[in-house]
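Please consult the sequence and the model shown below while reading.

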Amino acid sequence: MAINLDITEAPTRETRLGSITGYSGTLKDLVARTGCGASIKNGDRTFSQASSCSSGCAQTLLAGIVDAAVVNHAPIGCAGDTVYHNIANQYGRFYREWGNKNIQLVNTNMEEQDTVFGGTEKLREGIREAFRRFAPKAIFVTTSCASGIIGDDIKGVISELTDEVPVPVIQVSCEGFRSKVWASGFDAAFHAILTGIVKPPVRKRPELVNMVNFRGSARAYIARLFGELGLVPRFVVPFATVEELATVSEAAVTATVCTTLGSYFGTALEENYGVPYVKAIPPHGVAGIEAWLRGIGAAVGKESEVEALIDKERAATDADLAELRRRFKGKRAVLGMGPSYAQSYLGVLEELGIEVLHAASWHYDPRYDYGEQPPAIVRAASRENDITFSVGDQQLYEITNTLSRLKPDLYFSRHPGSSVWAAKLGITAVPVIDEYTAFGHRGLVNFGWRIVDALTNRNFVTKLADRVKLPYSGWWYGQDPYAFLDQEAV
Amino acid sequence: MAGVIEQIRNVCALGALQSVVAIERAIPIIHAGPGCGQKLWSGLSNGNGFQGAGYVGGHSVPCTNATEQEVVFGGEEKLRETVANTLKVMDGDLFVILTGCTSDIVGDDVGEVARSFRSSGAPVVYVETGGFKGDNYFGHELLWDALIDQFLEPAGKAEPGLVNLFSVLPYQDPYWTGTLHTIAGLLRSIGLIPNVIYGPGEGVASLRKVPKAQFNLLLSPWVGLKTVQRLEEKFGTPYLHYPTLPIGATETGKFLRAVGVQAGIPSETVEEAIRREEARYYYYVERSADLLFETRFLPGHFVTVADSFYALGLTKFLINDLGLIPEVQFVTEAVPEQYRPLIDAEFARFDEGLVSPVHYGADGGTVRDELARRTFRERPLILGSSWDRVTARKLNGYPLSVAMPVSDRLVLSRTYAGYEGALRLTEDIYSVILSSFQ
Ligand code: SF4
Ligand code: SF4
């Protein structure tokens, strides 16, 4: 079903895509159950640990737009994530040599009386203050559980202020309780950008690539790769300007480093403005980058240039890759990541010669908005060997139990608050924090050497594991890791 | 009506979950939306000195992850199930249910759930900390009400010399562990037995000992006053309220003398301890004097942007010991009206008759505007959070991060309290200045 930009709120991923957060079985089984015509029911848990919410995902993107402001309509706790958004902001600004500046965000500080009489007065003040303090080019109003449950009329307040605040003010519906899939918050943010900021193209820019990412550390690498194809990347959303976002419709193509992040935006731009969205597997590892570059090349008619570029990149990295595979012989790993990364890293680790024993995916989208299954999981499931596969919103008790059974040499994870628990078990944990880890041929090799280092000196983890205890009972380690997951028989 | 907040310096009442995490073998159970736990941990712990998840923090905290279902139909069943399974899966000695906005707005009867587990013998306590009710200072006091009413048992005879230490908020203050450890050391130095409750130690066992204390020591401008008063009502334990976090010789000496009087310790014992500590302390202070009097590397007037513990404690040290001049101080937590006069009075009585203006409020925009209006003749010293480093740079000042969020420092056992802490603070301040140009 096409993305509807005439409505205020993006429907959640559960509603749009049938996304799930509870499953335990195997990779091939999951793909078979979510293939064309099939459907899967989410497994509910009768025990769970703190997850994450849409509002955090929305704010991490929106608070990064350099000349916009965010009004978080919520009690102060819902702004707890902004501390970390500011760390990311400062880090990114530092490496861009932009000078020191804080994110532009106010929280409306909803209190008891606002939950009784409504919080619209606070919201009005929040929008006015954001405009006065930051002189932003656009204001995003992020909602919260409190504002959502009491039913504040956000649209009404925004339309009242149209004359007083002469910049786009856009509602972002990211109440945490509405979706178990925190990535629904990405869609909420992109929906707001698409409906409130993006303009129809004035001219077409055949050289421009919308590069949907998080923090953009690989800017130089990508600029070089694209440069050889005569293309120029524009990194969105964090560190972009409102004007840059307004003109994404003029680009030649949209690509993303993470399909969980970029598929809603990419699909909407394709459907509404004819900007092709590269639906290849994510650009991690050799197969990833090659498919991804070919996808870009096909969209802009640069197929032969892409082949030449691929040959060059392979030649530069083949020897290292062979050496890394030799070193990783016999190494076994478990991985726990968001779906796009969990899927693409199955390929990455295979290329490095590391055997994956189990993969956990923080949620799973049976299909993307353009109607197809995620290509990376289809690819991974086409291999001969099947592996056990689970879906959970970062349920550490399941992961810990799984790790303690499988005792892998390595644990790879993405999303803060996961790797450290493996380290406490004495497992070499390699966090994939930067979205461009293992990006392209050269990124893959760098990642490989980082793993070599992690395996070379295990002193910190082994000594730590000897001395700390994890918070689980002995009973729990004797249970099936998915004992609290109610699901149809696999 | 409190205004909007730019640049958070604390979180909501549910932030009290981190006070539970700080008690070893106590396990929080959050009954709230899916993101609350992650956000509060991220703001209070990860982005604040990188304090980590600890035994059972971060994503390991049991949580109902309430969604539409619980909001529309009520979340009691979900909570009951989560608590029952928490008792099986998690290894702890005390379980504290903390609610968030969803549960408190919907009106789940959480008390009933907790009581039903307690009546079957499980140590389960509940506290309604819906974020809209107040900040985490407020939530921390609610937590203690709950512990007193639902967990602590009368002890019979008081244990002479045993003192419960109530002071800074765990995690909110990134220096809490070192600070509590240092204050405990000071109490030991005059022959008392401190009961610390938070951080490395006995955890829940020390919590159980609370009713046995000879007295409660509240080292805080106002936070916790309600708690020690309630403990007095319920267990007859007297308390000493000492409002200033002692930093440096002047305040630490006063503090020890006040404790000595309350505890009935002979003054020679207290004076002997102070003499010993001061001799060592002034050995180092003397060394620092050359930098202060032989170089130009000195700050101008100082500003603090911190909660009342630190705004007051730091200001007293900087004026009474380090000889600096105050410009303006910002107190960032929501101080209830009735306690304002108490704090105002403290800011109006420094040695040499000095006073300092004080502002109340959590909004960083107000801090920025207020500082921009002032004229600083020399480069000011700005002791605040990592947010304030931006303003400090604009003012050509010297920033040192001392208050949440401290995201530019790793904090492990560091403290600014007591004698040793004051030396550390002096080192940190002048290292900022000296490293600013080389
Ligand atoms: S789950 Fe709801 S209340 Fe909790 S942080 Fe997210 S939006 Fe805020
Ligand atoms: S303010 Fe409410 S919804 Fe937000 S984090 Fe706190 S308890 Fe959760």
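How many residues does the contact take from chain A and from chain B?

## Basis of the report

The model is predicted: local features need pLDDT of at least 70, side-chain atom pairs count only at pLDDT 80 or more, and totals for chains, interfaces and linings use all residues. Residues are numbered from 1 along each chain as its sequence is written, chains are lettered from A and ligands numbered from 1 in the order in which they are written, and side-chain values use heavy atoms, with hydrogens and water left out.

## The interface of chains A and B

Chain A contributes 73 residues to the contact and chain B contributes 66, where contact means heavy atoms within 4.5 Å. About 5,500 Å² is buried between the two chains, 62% of it from carbon and sulfur atoms; buried area is the accessible area (1.4 Å probe) that two parts lose on being put together, summed over both.

Six salt bridges are found across this interface, a salt bridge being a side-chain nitrogen of Lys or Arg within 4 Å of a carboxyl oxygen of Asp or Glu. A salt bridge joins the side chains of A:R178 and B:E68, at 3.0 Å from N to O.

## Two helices of chain B

Within chain B, helix 12 (residues 267-294) packs against helix 17 (residues 418-435) at an angle of about 10°, the axes lying 10 Å apart. Helices are DSSP runs (H or I, at least four residues), numbered from the N terminus. Axes are lines fitted to C-alpha atoms over the stretch in contact, and angles run from 0 to 180 degrees between N-to-C directions. Helix 12 of chain B is therefore roughly parallel to helix 17 of chain B, a term for angles under 35 degrees.

Terms used: Parallel < 35°, antiparallel > 145°, perpendicular 65-115°, else oblique.
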